[in-house]
Amino acid sequence: VDTELFMPGSGKSKNGPLIKIFFSGVLDSKKGVLLLIEAVKQCCQRGVRNFIVEMAGRGGLEDKLKHMIKTYGLDDHIKLLGFLPKNEMIKKYQESDIYCLPTLREPGGGAILEAMSCGLPIITSDYGGPAISVTDECGIKIKMLGYDSYIEQLADAMELLVNDGARRIRMGLKARERAEKKFSLEALHMTVANIYGQMTA
């Protein structure tokens with residue numbers, strides 16, 4: 001990830017009492033968008049309402065998501081943004097407080113690295129690329145134990161980070177630190193140079 005391009009914003013807790021959770025990706029079941037809607041519903045049922053989830057992307061489930069949002073009465077808590085170009089994506093990362101990608105199939109996870117580079121704490125699945133990219137210091141990883149269990153864990157993670165500003169800031173700082181040390185272009189160049197050096201020694 002280009003850590004010079006994907007930079008933290010001007011500071012956390014910038015949204016006042018309203019915490020912004022950002023999702024980006026294709027709007028299909030593999031990205032966990034249905035799980036996310038259900039978790040938002042569960043949070044609201046628990047009385048956690050001082051947040052909004054902004055979802056960037058297009059996909060085959062867009063109409064279904066709109067229907068669920070309307071049916072569940074979540075218009076004040078979920079906003080579908082559609083496709084965003086890179087400059088607007090970076091701005092959204094910087095304006096947000098939490099990045100959430102409840103993906104069910106993710107070999108890499110480039111968007112997670114971008115969010116980490118922007119200093120966001122991460123909520124994602126303990127699976128595939130995200131399981132390696134995200135540590136317990138910089139995010140919360142959801143165990144893949146079944147549909148209902150995942151939704152409950154996801155709602156728990158959202159509630160925890162929405163209500164704990166100090167934890168959000170601490171995890172966000174660790175996320176930025178990890179992005180710089182492990183996933184930056186400079187870190188990549190150093191890794192390649194070390195491998196080349198070992199091969200030619």
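In this chain, 71% of the contacts with a separation of 6 or more are made by residues 24 or more positions apart, where contact means heavy atoms within 4.5 Å. Before I continue, please note that this is a predicted model, in which local features need pLDDT of at least 70, side-chain atom pairs count only at pLDDT 80 or more, and totals for chains, interfaces and linings use all residues. Residues are numbered from 1 along each chain as its sequence is written, and side-chain values use heavy atoms, with hydrogens and water left out.

I begin with the overall architecture. The chain has eight helices and six strands; helices (H or I, at least four residues) and strands (E, at least two) are DSSP runs, numbered from the N terminus. Read from the N terminus on, the order is β-α-β-α-β-α-β-α-β-α-β-α-α-α. Of the 201 residues in the chain, 46% are buried. Here buried means under 20% relative accessible area, exposed over 50%, and partly exposed in between, with a 1.4 Å probe and protein chains only.

Thr3 counts as buried because its relative accessibility is 10%. Not counting residues up to four places away in sequence, Thr3 touches Ser117, Arg176, Ala179, Glu180 and Ser184.

Strand β2 (residues 51-56) contains Glu54. Is this charged side chain's residue, Glu54, buried or exposed? Glu54 is buried, with a relative accessible area of 5%. Leaving aside neighbours within four places in sequence, the contacts of Glu54 are Lys20, Ile21, Phe22, Phe23, Lys79, Leu81 and Lys92. Glu54 and Ser96 are 42 residues apart along the chain, and their C-alpha atoms are separated by 9.0 Å.

Helix α2 (residues 62-72) has Glu62, Leu65, Met68 and Ile69 as buried residues. Seen down the axis of α2, these buried residues fall within an arc of 120°, so they line one face of the helix; the arc is that of the directions from the helix axis to the C-beta atoms. The face turned away from the buried side of α2 carries exposed residues, namely Asp63, His67, Lys70 and Thr71. The cover over the buried residues of α2 includes α1 (33-45), β2 and β3 (78-82). Apart from neighbours within four places in sequence, Glu62 is in contact with Leu27 and Leu80. Just after α2, Gly73 takes a positive phi of about 70°.

Finally, I come to helix α6. At 1.5 Å a residue, its 17 residues should span 24 Å, and the end C-alpha atoms are 24 Å apart, which agrees; the expected span is 1.5 Å times one less than the number of residues. The buried residues of α6 are Tyr150, Ile151, Leu154, Ala155, Ala157, Met158, Leu161 and Val162. Viewed down the axis of α6, they fall within an arc of 160°, so they line one face of the helix.

How do α6 and α7 meet? The axes of α6 (residues 147-163) and α7 (residues 165-183) come within 5 Å and cross at roughly 100°. That makes α6 roughly perpendicular to α7. Axes are lines fitted to C-alpha atoms, for helices over the stretch in contact, and angles run from 0 to 180 degrees between N-to-C directions. Angles under 35 degrees count as roughly parallel, over 145 as roughly antiparallel, 65 to 115 as roughly perpendicular and the rest as oblique. On the α6 side the contact is made by Leu160, Leu161, Val162 and Asn163, and on the α7 side by Gly165, Arg167, Arg168 and Met171. By class, this contact of α6 with α7 has four nonpolar, two polar and two charged residues. Ala, Val, Leu, Ile, Met, Phe, Trp, Tyr, Cys and Pro count as nonpolar, Asp, Glu, Lys and Arg as charged, and the others, Gly among them, as polar.
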